[in-house]
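Dear colleague,

Please find below the structure I promised to hand over, together with its sequence.

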Amino acid sequence: MRPVRLLLSILLLSATPVSAFDLELAPHRVRAGAVFLVRLSEPGLRSGQARFGNQSLPLFVKGGSGRVLVPVPLTSRPGTQPLRLSYRDGHNRLHHVMTGVAITAGDYPVERLTLPERMVSPQKPEVVRRIQKERLLLARLFSRRTSDLFWEGMVPPVDDPPGSRFGRRRILNGKPRAPHGGVDFRSPRGRPVRSPAPGTVVLADELFFTGRTLVIDHGGGLVSVLAHLEKMDVAAGGRVGLGQVVGTVGATGRATGPHLHWTVRLAGEKVDPLAVLALLGRSVP
């Protein structure tokens, strides 16, 4: 996927003299629910911030170059949306830059499923309390912002083909539900599951809906959830490397059969794991 390079062909809002800089966006057209990568280069670049929609994200700066991965919410409307950047140069002068990002419609398909009602809408008070507690725990984990760790690349957690993809509008037992928040791989029970990127395991536990679940913080607001595992080979607090085996595929939790469910959160937003993979590593069919 070729980046679009913008060399001073954008709106400069700085009141101070502007030195030469290089701004790249990849891709230049972004589907709702996907992500895009921003690279800003200038000799002496000290720090920077990117604002897109309701998100304000820090640039990770090293050697005069800053970059940040930006989520596009699934609910985004098509059209050109403003991207605002502010940065400090080698003389500590503050500059402001604005450009546009073309957002395209998601147009995700509809998926109709029929499941036992107890799997869709649990009624027992103790189960409802458990679900609420687990949701609060996950919300705290997804809001973490840690140091930049994920730029070593990314690999798919398994090599099996994806089945149900991100963004599918689900109708369960005839009732509309939230769109599918991840991607399901057609993997057999016992298949080794890899960590998609380096990071820290922040959760290794059995949850009501997702069964044996690993949550891995890759840094920079990027978090992976690997769900319905048969076995977990790592514990909370441990560090994992790119492609390290962290467990095996199973059917725990509310699953109708063995498969791997992979969710990615970026700055708290659910985003398409395959779109992140296409930017940071290698794509899958």
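Does proline 188 count as buried, partly exposed or exposed? Its relative accessibility is 39%, so proline 188 counts as partly exposed. Please bear in mind here and throughout that this is a predicted model. Proline 188 is located in the loop that runs between E15 and strand E16 (192-194). Leaving aside residues up to four places away in sequence, proline 188 touches Asp160, Val249 and Pro258. Proline 188 and glycine 257 are separated by 69 residues in sequence, yet their C-alpha atoms are 9.0 Å apart in space.

The chain as a whole

The chain has 285 residues, and 50% of them count as buried. Its secondary structure consists of three helices and 23 strands. Among contacts with a separation of 6 or more, 65% are between residues 24 or more positions apart. The chain exposes about 13600 Å², of which carbon and sulfur atoms supply 51%.

The largest pocket

The largest pocket holds about 1300 Å³ of space. Its lining is made up of 40 residues, and those nearest the centre are Arg170, His180, Phe209, Thr210 and His261. By type, the lining comprises 17 nonpolar, 13 polar and ten charged residues. 

Which elements each supply at least two residues of this lining? They are strand E12 (110-113), helix H1 (117-120), helix H2 (125-142), strand E13 (169-172), strand E15 (183-185), strand E19 (222-232) and strand E22 (260-266). H2 gives the most, with five residues.

Serine 224

Strand E19, one of the elements that contribute to the pocket lining, also contains serine 224. Serine 224 has a relative accessibility of 1% and therefore counts as buried. If residues up to four places away in sequence are set aside, serine 224 touches Pro196, Leu214, Val215, Ile216, His218, Trp262, Thr263 and Val264.

Aspartate 89 and the loop between E10 and E11

Aspartate 89 is placed in the loop between E10 and E11. With a relative accessible area of 1%, aspartate 89 is buried. What does the side chain of aspartate 89 reach at 2.8 Å? It reaches the backbone nitrogen of arginine 93. The side chains of aspartate 89 and histidine 95 are also joined, by a polar contact of 2.8 Å. Not counting residues up to four places away in sequence, aspartate 89 touches Glu42, Gly44, Arg46 and His95.

Asparagine 92 is found in the loop between strand E10 (79-88) and strand E11 (94-104). Asparagine 92 has a phi near 65 degrees, a positive value in a residue other than glycine. At 38% relative accessibility, asparagine 92 counts as partly exposed, whereas aspartate 89 is buried.

Further backbone features

A positive phi is also found at alanine 267, where the angle is near 55 degrees in a residue other than glycine. Alanine 267 belongs to the loop between E22 and strand E23 (269-271). Its relative accessible area is 10%, and the cut-off for buried is under 20%, so alanine 267 is buried.

A cis peptide bond links alanine 26 to proline 27, with omega near -10 degrees. Proline 27 is in the loop between strand E3 (22-26) and strand E4 (29-31).

Helix H3

Why is helix H3 (residues 273-280) described as largely enclosed by the rest of the structure? The reason is that seven of its eight residues are buried. These are Pro273, Leu274, Ala275, Val276, Leu277, Leu279 and Leu280. The N-terminal end of H3 is capped by aspartate 272, which has a side-chain oxygen 3.0 Å from the backbone nitrogen of leucine 274.

With kind regards

Terms used
Residues are numbered from 1 along each chain as its sequence is written. This is a predicted model: local features need pLDDT of at least 70, side-chain atom pairs count only at pLDDT 80 or more; totals for chains, interfaces and linings use all residues. Side-chain values use heavy atoms; hydrogens and water are left out. On a 1 Å grid over the protein atoms alone, a cavity is a set of points where a 1.4 Å probe fits but cannot get out, and a pocket is an open set with protein on both sides within 12 Å along at least five of seven lines; lining residues have an atom within 4 Å of a point. Grid points are joined across faces, edges and corners, and a volume is the space filled by probe spheres set on the points. Helices (H or I, at least four residues) and strands (E, at least two) are DSSP runs, numbered from the N terminus. Ala, Val, Leu, Ile, Met, Phe, Trp, Tyr, Cys and Pro count as nonpolar, Asp, Glu, Lys and Arg as charged, and the others, Gly among them, as polar. Buried means under 20% relative accessible area, exposed over 50%, partly exposed in between (1.4 Å probe, protein chains only). Contact means heavy atoms within 4.5 Å. Accessible areas come from the Shrake-Rupley method with a 1.4 Å probe; for residues, only the protein chains shown count as cover. A polar contact is a pair of N or O atoms within 3.5 Å; within protein, one must be able to donate a hydrogen and the other to accept it, and residues adjacent in sequence count only if both atoms are side-chain atoms.
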